[in-house]
Amino acid sequence: MHYIILPEETLASASSSSDSDTGGASPPPRKKHRASAAEGAGESGDSTVATGLSGVVLGLATTSPHHQATSAIHFNRTLVNNLSGNNMQSNGAGQGQDSELSCLNSAQNGESSSAGGTHFNGLLVSTNNGNGVGTNNGAGPGSGTSTASGSEVGSMKKKKRLSQSEEDVIRLIGQHLHGLGLNQTVDLLMQESGCRLEHTSATKFRNNVMEGEWEKAENDLNELRALMHSPNAIVRMKFLLLQQKYLEYLEDGKVLEALQVLRGELTPLKYNTDRIHVLSGYLMCSHAEDLRAKAEWDGKGANSRCRLLDKLQTYLPPSVMLPPRRLQTLLRQAVELQRDRCLYHNTKLDSSLDSVSLLLDHVCSRKQFPCYTQQILTEHCNEVWFCKFSNNGTKLATGSKDTTVIIWQVDPESHQLKLLRTLEGHAYGVSYLAWSPDDAYLIACGPDDCSELWLWNVQTGELRTKMSQSHEDSLTSVAWNPDGKRFVTGGQRGQFYQCDLDGNLLDSWEGVRVQCLWCVGDGRTVLASDTHQRIRVIDLCCEFLFYRVQEDHPIMSFTVSKNGRLALLNVATQGVHLWDLQDRVLVRKYQGVTQGFYTIHSCFGGHNEDFIASGSEDHKVYIWHRRSELPIAELTGHTRTVNCVSWNPAIPGLMASASDDGTVRVWGPAPFLDTQNCSNMDS
């Protein structure tokens with residue numbers, strides 16, 4: 001007798017159908033065993049085969065020897081029938097299995113729903129009493145099936161723990177979406193991420209302020225007190241609230257209520273009494289328009305309350321309530337930082353984010369920079385010592401050793417220059433030019449041995465004044481007073497004068513040897529570089545002199561930025577130096593330029609005066625970004641020393657240089673520049 005070891009479950013099932021008590025063996029079971037629906041359609045075929053085989057094998061194990069042959073025949077027939085029956089059911093069972101997988105997948109993808117559904121990262125998962133996912137043709141879960149449980153799906157869909165920076169980003173996005181009115185989207189974002197846009201007390205406070213519920217807003221402040229870092233913040237915030245309440249009462253004509261707020265609520269705070277006195281004066285306003293004008297207030301409504309909230313939020317920690325429009329502020333700062341780091345950015349700064357693309361980094365091309373010769377002016381017949389654009393950028397004046405000054409007109413469209421008029425009669429040549437603040441007059445000075453200066457009417461071309469105090473004078477430099485009615489002039493021989501438009505002497509100083517002059521915007525202070533390698537400050541009212549800058553080598557020339565803070569010096573044998581006049585420190589030494597003992601004039605230029613340009617004795621024009629010591633451009637074309645460079649104050653892409661080669665070169669962006677293909681990523 002052959003024994004086959006079977007699992008206990010199969011033995012138990014088989015023992016119930018065997019005839020071990022009588023000693024005889026009944027025929028092996030021929031009826032096909034179907035798995036119940038509860039066992040799972042996906043395993044019904046396998047269960048049928050296993051059950052049939054179990055019965056047959058057990059029957060063989062319990063029969064007597066003379067019946068084994070007959071039993072073997074029955075075993076073979078039963079095996080064939082079971083296999084064929086399993087194949088007949090395979091189509092139906094396969095469909096049941098596919099149906100179950102489809103239901104599982106649809107439940108995990110949020111396509112099915114039920115009353116007891118739960119959210120996992122925004123996807124709705126259908127559960128069956130928390131024990132399974134999906135259904136099997138309406139039948140409950142069986143002991144023989146293997147399905148994904150709700151806990152397993154939750155484990156698969158378990159949300160990642162967010163870092164602090166990730167939570168901050170989500171809050172910033174939520175605040176921005178809230179400002180756009182997408183409140184439902186914000187709610188879903190906060191629910192799915194598990195973050196909180198702001199503290200619940202802060203939300204109540206915001207709503208009460210916007211609705212004008214001032215008493216409730218004051219109560220909310222008491223709840224926010226524990227969340228604040230500064231104990232004095234509550235008093236300041238309450239003062240702002242009561243001020244808004246007071247103004248709204250006045251606008252509504254409720255004078256008694258407003259007076260009660262002023263006396264009974266604002267004054268007891270004992271905060272900012274000066275402001276309380278100003279507020280009390282608004283009681284005299286006869287109508288609402290007068291109140292809004294005097295208080296510089298938008299009036300009762302959403303606008304003024306939004307402004308009030310912006311002020312109130314500054315006292316709350318960002319963990320409680322985000323600062324107003326925080327995402328826009330960060331993006332604007334990022335754009336400005338990229339612009340600051342862009343070496344060739346030379347366009348007007350726009351604080352609005354609408355003018356740029358946030359999808360690309362900001363990059364400006366060198367082709368947009370004034371690095372290319374647009375025009376060569378050859379009307380002078382000798383060395384050109386000086387050039388200067390007018391303050392409005394519409395004209396260029398050039399002075400030459402040929403004793404002439406030429407006024408050039410700048411075309412506003414093509415930026416081409418054409419000769420407007422020639423001013424003649426400067427016997428010693430013209431080494432320095434100065435436009436009046438209104439560009440109506442132009443003063444011309446000569447070299448060291450010249451004792452005269454010429455004041456020209458630019459519009460008519462007439463000489464208004466030819467000034468000469470003494471033949472021993474050396475008037476080589478001049479500077480206009482900001483009022484346009486006076487100017488100062490001097491030279492290295494020790495004469496220093498202040499004159500009016502007719503050349504009348506207003507003041508004079510002896511022993512002040514100057515190389516270059518500049519009038520400060522206050523109208524009473526003059527900066528003068530002297531022969532002691534320093535820049536002195538001269539007070540025209542009290543004649544007080546002191547030095548501001550001290551160099552180790554002669555200062556050949558200097559110019560000052562529009563805001564009066566920075567001075568750009570051309571120092572003999574050293575090059576170009578940038579000084580901070582207020583802090584009296586050397587900021588930067590620019591490299592590359594060749595500077596000997598020739599007088600070379602440099603300049604600030606570009607939008608916001610971010611660039612510096614200078615001529616050089618190596619026949620080049622050098623351009624630096626103000627924050628970089630190395631040049632960003634070296635312009636070639638001149639054949640002799642470049643004496644002066646002038647940047648157009650109105651057209652940042654236009655620059656002129658004067659040289660000993662007798663020419664004036666006009667520099668601009670690359671010709672035929674295709675703005676659609678340039679590298680500037682500004683939209």
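1. A polar contact of 2.9 Å joins the side chain of H362 to the side chain of H345. H362 itself lies in the loop that runs between helix 14 (326-341) and strand 3 (372-377). With a relative accessible area of 11%, H362 is buried, because the cut-off for that class is under 20%. This contact, like everything that follows, is read from a predicted model.

2. As to the chain as a whole, it holds 14 helices and 30 strands. Its length is 683 residues, of which 44% count as buried. The accessible surface comes to about 35,400 Å², and carbon and sulfur atoms contribute 49% of that area. Among contacts with a separation of 6 or more, 49% are between residues 24 or more positions apart.

3. How many of the six residues of strand 21 (residues 566-571) are buried? Six of the six are, so the strand is largely enclosed by the rest of the structure. L566, L568 and N570 point one way, while A567, L569 and V571 point the other way, and all of these residues are buried.

4. The partners of strand 21 can be described in turn. Strand 20 (residues 555-560) pairs with strand 21 in the antiparallel sense, over five bridges. Strand 22 (residues 575-580) also pairs with strand 21 in the antiparallel sense, over six bridges.

5. Ten aromatic pairs are counted in the model. In one of them, F386 and Y432 have ring centres 4.9 Å apart and planes at 50°, so the pair is tilted. This pair links distant parts of the chain, with F386 in strand 4 (residues 384-389) and Y432 in strand 8 (residues 432-435), 46 residues apart. F386 is buried at a relative accessible area of 5%, and Y432 counts as buried at 11% relative accessibility.

6. The pair of F496 and W509 is also tilted, because the ring centres are 5.1 Å apart and the planes stand at 45°. F496 belongs to strand 14 (residues 495-500) and W509 to strand 15 (residues 505-510), 13 residues apart. Is F496 buried or exposed, and what of W509? F496 is buried, and W509 is buried as well. Elsewhere, ring pairs link Y344, F369, F611 and W647 into a cluster.

7. Finally, the record may be set beside the model. Residues 635-667 are 0% helix and 48% strand, with their end C-alpha atoms 9 Å apart.

Methods:
Residues numbered from 1 in each chain as written. Predicted model: local features only at pLDDT ≥ 70, side-chain atom pairs only at ≥ 80, totals over all residues. Heavy atoms only, no water. Helix = DSSP H or I, 4+ residues; strand = E, 2+ residues; numbered from the N terminus. Buried < 20%, exposed > 50% of the residue type's maximum accessible area, 1.4 Å probe, protein only. Polar contact = N/O pair within 3.5 Å; in protein donor to acceptor, adjacent residues only side chain to side chain. Pairing = 2+ DSSP bridges. Contact = heavy atoms within 4.5 Å. Areas by Shrake-Rupley, 256 points an atom, 1.4 Å probe, with all protein chains shown as cover. Phe/Tyr/Trp six-rings, centres within 6.5 Å; stacked < 30°, edge-to-face > 60°.
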